[in-house]
Amino acid sequence: MTSCEYGANIEAAIAEPKVYTTATEVKTVIMKALYDEGKSAYVGFVMPVDIELQEVKACNTLAANELVECEPVEVLDIIVIEESLGAVVNPNNYVVNEMTYADISSVCEGDKCVSCGGNLRYTKGIEAGHIFQLGTQYSVPLAANFLDENGKAQPMVMGTYGIGVSRLLAAIIEQNHDDKGCIWTKESAPFDLQIIISNIKDEAQVALGEKLYASMLAQGVDVLLDERKDRFGAKMKDYELIGVPHAVVIGKKLAEGIVEFVRRDGMLKEEVSAEEIGTLLAERF
Ligand SMILES: [Zn+2]
């Protein structure tokens, strides 16, 4: 049972620390940490045997640029002990210059939430934007200061906040589609209405299509007219793929005075008399 809204990227997720005893088997995962200017260090990460090393957390702990796999080495530069093993692992077992404790464990389904104790589970997410709390990381070396109320120079506290506009399009379609294609929402649709003329050799179809198109344009509706020479089936496939929220299909039934009003979401079709379609569109758009 989860009872709070904690959620995190898998690379940043934390869980309630597990309880280990001296009977817990540990392993040492050896990796090479790469730093600026070609510097590197051999690092041993001491973990419970059944827990995976979370490499992004591990890399951040070391303030390294990257962790890469390496051949086993005799002499390590740094040892990082998973912090929940703190009371269990004897640090004197390791001969090393630098030793630190940190949360470097991968979080698994069923681990406990640190906020509410509920079970954590995996779910799909889309990173639609991000925040970096930079603090004074850049303002101090750059001396980007301001004068405080006492006239004393203080470094600016920096943050960067972004929404990925191009990602939003993918996110909208991820949530609004079917196996035929996109289903744009009203707010995001490139056009509100598409008018599809089934057979451009049929003068009556073309005349009605063009008339509706012109009147919708005059009303300020974003309208798309499909008067291509293609087969009707191909045009409908394109309509479903592009996913304009509504369409008017002017086809064979125009001979009986009937056209179709289509809602893309669910491909719901409604027969409307050709005489009334103009009024219906004027009401709905
Ligand atoms: Zn929780």
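Domain bounds here come from an automatic or database domain assignment. On that basis, the protein chain splits into domain 1 (26–102) and domain 2 (193–284). The centres of the two domains, taken over C-alpha atoms, lie 64 Å apart.

A word on the model itself. It is predicted, with local features needing pLDDT of at least 70 and side-chain atom pairs counting only at pLDDT 80 or more, while totals for chains, interfaces and linings use all residues. Residues are numbered from 1 along each chain as its sequence is written.

**The whole chain**

You'll find six helices and 16 strands in the protein chain; these are DSSP runs numbered from the N terminus, helices being H or I of at least four residues and strands E of at least two. The chain is more spread out than a compact globule, because its radius of gyration is 31 Å, well over the 19 Å that the globule rule gives for 285 residues. (That radius is taken over C-alpha atoms, and the rule is 2.2 Å times the number of residues to the power 0.38.)

| Property of the protein chain | Value |
|---|---|
| Span of the C-alpha trace along its principal axes | about 90 × 55 × 40 Å |
| Buried residues, out of 285 residues | 21% |
| Contacts joining residues at least 24 apart, among those at least 6 apart in sequence | 59% |

For the table, a residue is buried if 20 or more other C-beta atoms lie within 10 Å of its own, exposed if 12 or fewer, and partly exposed in between, with C-beta atoms placed from the backbone. Two residues are in contact if their C-beta atoms, placed the same way, lie within 7 Å.

Now for an open sheet with mixed pairing, whose five strands come in the order 13-12-14-15-16. Strands count as paired if DSSP finds at least two bridges between them. Strand 13 (223–226) and strand 16 (268–273) are at the edges with a single partner strand each, so one side of each has no neighbour in the sheet. From one strand to the next, the twist averages 20°, using lines fitted to C-alpha atoms as axes and angles from 0 to 180 degrees between N-to-C directions.

Strand 14 (residues 246–250) and strand 15 (residues 258–263) run antiparallel and are joined by four bridges. Valine 249 has glutamate 260 in strand 15 as its bridge partner.

**Around methionine 158**

Methionine 158 sits in strand 9 (residues 158–163). With 15 other C-beta atoms within 10 Å, methionine 158 is partly exposed. Leaving out residues up to four places away in sequence, methionine 158 touches Leu134, Gly135, Tyr138 and Ser139. Glutamine 137 is 21 residues from methionine 158 along the chain, and their C-alpha atoms are 8.1 Å apart.
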